[in-house]
Amino acid sequence: MIRVAPSILSADFAALGAAIDRVAPEADWLHVDVMDGHFVPNLTIGPPVVKAIRRHTDLYLDCHLMMTNPGDYLEAFRAAGADSCSVHVEVGDTAGLIGTMRDLGLGVGLAVNPETPFDATRPWLDRIDLLLVMTVHPGFGGQSFMGEVVPKIATAAQAISEQGLDVVLEVDGGIDPATAPAVAGAGARMLVAGSAIFGASDPLEAAAAIRRAAAGALP
Ligand code: DX5
Ligand code: ZN
């Protein structure tokens with residue numbers, strides 16, 4: 001089964017509630033991109049915005065923390081209503097961060113940049129709920145999909161299945177109906193898309209088109 005997580009990064013922040021409502025029927029999760037201006041060269045959303053979104057929707061809030069010090073904010077995101085948080089493996093202290101997320105009752109996600117090998121995440125696979133494989137360099141919406149990451153998605157899917165783990169394999173960056181078949185074919189089952197959905201004249205149909213394109217690549 002293919003699931004779609006619209007990334008609100010490309011939505012109109014001045015009309016965020018309406019943008020969320022428009023895609024909600026095709027949204028399995030809502031992807032919330034948190035950027036700290038340090039781990040990535042951009043600043044976006046913090047706990048107050050997550051809190052406002054939480055009051056507006058019951059959708060599962062999948063918070064992608066592109067932060068150097070996510071541990072300082074996990075409790076605040078949980079209190080604001082985040083359902084899961086994904087921290088980047090590149091920031092280190094992965095064991096500590098996983099433990100904190102678990103203790104807080106968050107879905108436990110680990111994100112991995114395009115140039116970081118799958119082996120950096122392998123030791124943590126049996127302790128996480130979600131592996132977020134970046135298919136662009138994090139920091140901005142609307143970038144081109146990096147096809148060279150597809151083999152890593154396949155390696156991750158194989159490791160998850162060989163170990164019989166219940167880990168959601170999520171991909172993020174440059175996903176649209178043209179790129180969705182490659183990631184779904186490699187084993188991704190949760191597809192994040194920002195500009196392809198919120199940049200479309202009909203965001204709901206755009207999300208449905210991504211789901212259809214991905215489903216068409218499944219055996
Ligand atoms: C990029 C973010 C993505 C972004 C994807 O750093 O993590 O979630 O919103 O945007 P698109 O789908 O436009 O590549
Ligand atoms: Zn993201």
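So, aspartate 172: its side chain puts an N or O atom 2.6 Å from an oxygen atom of ligand 1, a polar contact in the sense of an N or O pair within 3.5 Å. Aspartate 33 does something along those lines, with a side-chain N or O atom 2.7 Å from a ligand 1 oxygen. Glycine 194 comes in through the backbone, where a polar atom is 2.8 Å from an oxygen of ligand 1. On its own the ligand has 380 Å² of accessible area, and the protein covers 100% of that (Shrake-Rupley, 1.4 Å probe).

Quick caveats. This is a predicted model, so local features need pLDDT of at least 70 and side-chain atom pairs 80 or more, while totals for chains, interfaces and linings use all residues. Side-chain values use heavy atoms, without hydrogens or water, residues are numbered from 1 along each chain as written, and chains are lettered from A and ligands numbered from 1 in written order.

Back to the shell: 20 residues surround ligand 1, with Ser7, Gly142 and Ser195 among the closest; the cut-off is a heavy atom within 4 Å. By type that's 8 nonpolar, 10 polar and 2 charged, with Gly counted as polar. Which strand gives the largest share of the shell? Strand 2, with 3 residues. Strands here are DSSP E runs of at least two residues, and helices are H or I runs of at least four.

Arginine 54 is in helix 2, aspartate 83 in the loop between helix 3 and strand 4, 29 residues apart.

Definitions and conventions: A polar contact is a pair of N or O atoms within 3.5 Å; within protein, one must be able to donate a hydrogen and the other to accept it, and residues adjacent in sequence count only if both atoms are side-chain atoms.
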